[in-house]
2 protein chains.
Amino acid sequence: MEEKMLNWLYKRAELTPNRIALQIEGQTWTFSELHQNVRMLAYRMYGLGMKKGDHVAFLLNNDLYTVEIIHALTYVGAVVIPLNTRLSRQEIAYQLQDAKVDYLLFDQEYAEQVPEPNGKGLSVVRVEELYRTKLIEGAIQTEIDLNQTFTILYTSGTTGKPKGVMLTYGNHWWSAIGSALNLGLDVNDRWLACLPFFHVSGLSILVRSVVYGIAVVLHKKFDAKKVNQSIKEDRVTLISVVSTMLSQMIEDLGDSSYPESLRCVLLGGGSIPQPLLAKSKQLAIPVFQTYGMTETASQIVTLAPEYMLDKLGSAGKPLFPSQIKIVDGDREMKAGEAGEIVVKGFNVTKGYFGNEQATNEVIYDGWLRTGDIGYLDQDGFLFVLDRRKDLIISGGENIYPAEVESVILEHPAIEEAGVVGQSDPKWGQIPVAFVKVKEGQEVTEAELISFCKERLAKYKVPVSFTFVDELPRNAAKKLLRRKLVEQLQSK
Amino acid sequence: MEEKMLNWLYKRAELTPNRIALQIEGQTWTFSELHQNVRMLAYRMYGLGMKKGDHVAFLLNNDLYTVEIIHALTYVGAVVIPLNTRLSRQEIAYQLQDAKVDYLLFDQEYAEQVPEPNGKGLSVVRVEELYRTKLIEGAIQTEIDLNQTFTILYTSGTTGKPKGVMLTYGNHWWSAIGSALNLGLDVNDRWLACLPFFHVSGLSILVRSVVYGIAVVLHKKFDAKKVNQSIKEDRVTLISVVSTMLSQMIEDLGDSSYPESLRCVLLGGGSIPQPLLAKSKQLAIPVFQTYGMTETASQIVTLAPEYMLDKLGSAGKPLFPSQIKIVDGDREMKAGEAGEIVVKGFNVTKGYFGNEQATNEVIYDGWLRTGDIGYLDQDGFLFVLDRRKDLIISGGENIYPAEVESVILEHPAIEEAGVVGQSDPKWGQIPVAFVKVKEGQEVTEAELISFCKERLAKYKVPVSFTFVDELPRNAAKKLLRRKLVEQLQSK
């Protein structure tokens, strides 16, 4: 099969030049304007000495220039390596080295995290410098090859050492197509982006924008009040969020509701508490639960709209044309049996950059081991139980932290909850909980234990509750259970 | 890139089993029901002895069993060769031989067109026999390879000898995706199919149905009154038609109008008379002019919705991610200059079955020469002038029959018009017209010549008008100008 196609922004600017590509705080740019800016920026990149095949990392906020830089790197033909802005200088140095980065672009704000040049050919460039660099006009890469690596994104690191997930143009393309075949597509769609572009959940919105020809309504930071206002005033039709964001949005919403124009709240980022789904259902918020990861270029399983209510809590079915299986080693599990989720599809990574061993550990026969646990119900709907690494095994029984957290969150006084396993000489592990109490509310450990006992098998009930002001989360607001484990160990 | 995916109907039955796949005269079938029927039918095909890789042709009306047979052949892994039911026995014999057909399935209605078995391994099977064949259960092909040939469709034969256009699963897939990225996609879409499945314009609707998960509202025959009724009563959102169909539909519509649910009338099948477009605009019918051919697996250029009114008469821009150019030999033409339309894209055929010479004549460097003439305007919109073979060259001037026909059709007494070139010792060729007068109307040749003189350069005005009861058209209602040329020659 022919594997080249026109660069997406380039093609889009030719096809629908006057459609809005981007809106930031009321200001808008058409695809034609974005293309013009991006072409100039590519010339500045040539001015810096960048060339096709270079590895270019960045430490940037979500802003106009970030959108331009990402697209300009595709015009140059460079590999895009977005770095998590919350990382320490040491972590960043590791990823720069691991990804063999040639250039690091950064916001002044993150200057302190930028490692010293190490004499190994890494250039570090502030965004302001890039935009002041003299133009060198050169041919832009108007064609892309679907097999070419577009991005290297480091896994969020909720477990183990970060690995650089290579995603090709093809991986991103098929992800966008699979999403459109499930969610539908309207030329007037507007996708609100408030997740960082260094996570695939945020980055994939930019890809969809140019492939679909729809506008991105960009928020530099997530602010529940501003997001709610934007949904109402900017005709937002789709938004990608994780649980904690949606909770805050619902809280801010109060007695008001979303306009009918909002047709999809794509809810991902790990297991989702049942009370949140129930509340969303009650408020008729069009929540589409989804399951995906960096390795699948965002969504791979999403609930189709007609099952939104009947299959509450399910992540849905694999997007066209992807596939999933539940396995235990080589054995494929039956309906209802929990096991490891393995996935296959054109959106799935070919592996980790420069790490054949890690690649071989997770990829076999075209299938990717996700390390997550779940089951398929009788109708083939996926229910994600938990990350395998977070699984608590107590006296031979499996305890899924997400299930226990979900129950704790049903308690009216609790705002956030995290459950992890504590070593125990008798049971191997026993569940313990960390909770954040809602402002102005009070509750005791005994009350919470009793609350859980009414709702859970005894072995699943946390033996202790630690009250905290905040739970550790990554930039995408995903709960970092390993940080809780560290807290336990340092006790 | 990985090139296998799940069979579309199989995947669709898994993903959205309860959605309506098909509606015929009020009766409906879900994707799950269709899949069950199709699996049984594949077993019957095994019962007949069919196997993966077989070439299976059919002479069938548009009906439930035709839909089932097409999908069942994909479950068997056979190549699907739909034959035009209007062909003579001799023409059919040629195509069966040319395509190396193993099985011919046919409706009793077409029994007389079925050639005698020739002892070369061709089996001919009536549909009723197929459905009475005993089942042999076997593995169905749940995966397809995008590089595998799905269909061989013979070019409509408006010019020269029919050639078997090979279209892979990938060609059909990308065609469906390109269309969705342009027209948008709603899970509640319903596509009315009244074009024969032996044309790519009809067949591609079946592909879109399973890829998108939307319903096909199937009409066995085109009947303007029934189609209009169906659009109103069956919540039809999209329909594919050619000019003559739309004319009849508008006539039948009278003073009524289409409901807002009808969001797209996809109008293809050759050059479209301006008066028809003007009328559609006046009636606010959402016409999307399109340009495509068997070789491009249906549409390759379609007008985006926002340009429907501003670029009336244009076929639009190449669908994502396809490309077009206008050339004269090796030279690429500038905006406004007419030349041959050449196209490129994942939806474009790799060639003609068993005919390397014909393939090499039209395909070069991944581009396909369409044999059609057109130009791109300053904004990159394609205007199709005519088929190159139909071009009339008179005293060195190019005359595009479609342009002249369009003018003749503006005359209130004219229902249909066809213009071709007649040999002339002085000018090389001179234009002559064939017209069908509307019922109850009268007009003379002198009046028509005078009407044209007011609107066209003198050399474009037909020197004669022949009044006919009917113009020759193929099953897709495309005007067959070569038949008019034959009429001229036999005079």
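Which residue of chain B forms a salt bridge with A:E143? The partner is B:K344, and the closest N and O atoms are 3.6 Å apart; a salt bridge here is a side-chain nitrogen of Lys or Arg within 4 Å of a carboxyl oxygen of Asp or Glu.

The model is predicted: local features need pLDDT of at least 70, side-chain atom pairs count only at pLDDT 80 or more, and totals for chains, interfaces and linings use all residues. Residues are numbered from 1 along each chain as its sequence is written, chains are lettered from A and ligands numbered from 1 in the order in which they are written, and side-chain values use heavy atoms, without hydrogens and water.

**The interface of chains A and B**

In total, 43 residues of chain B are in contact with 43 residues of chain A, contact meaning heavy atoms within 4.5 Å. The size of an interface is often given as the accessible area lost when the parts come together. Between chain B and chain A about 3800 Å² is buried, and carbon and sulfur atoms give 63% of this area; the value is the accessible area (1.4 Å probe) lost by the two parts, summed over both. The rule finds two salt bridges across the interface.

Among the elements that give two or more residues to the side of chain B that touches chain A are α1 (8–15) and α7 (200–212) of chain B. The largest share, six residues, comes from α6(B). Helices (H or I, at least four residues) and strands (E, at least two) are DSSP runs, numbered from the N terminus.

**Two sheets of chain B**

Nine strands of chain B form an open sheet with mixed pairing, in the order β3-β2-β12-β11-β13-β14-β15-β16-β17; two strands pair if DSSP finds at least two bridges between them. Its edge strands are β3 (27–30) and β17 of chain B. Strands β2 and β12 of chain B run parallel and are joined by three bridges, with B:Q23 opposite B:V217.

An open sheet of three strands has the order β27-β28-β29 in chain B, again with mixed pairing.

| Helix | Strands touched | Angle |
|---|---|---|
| α12(B), residues 401–409 | β27, β28 and β29 of chain B | about 140 degrees with β27(B) |
| α13(B), residues 445–455 | β27, β28 and β29 of chain B | about 135 degrees with β29(B) |

Key:
Axes fitted to C-alpha atoms, helices over the stretch in contact; angles between N-to-C directions.
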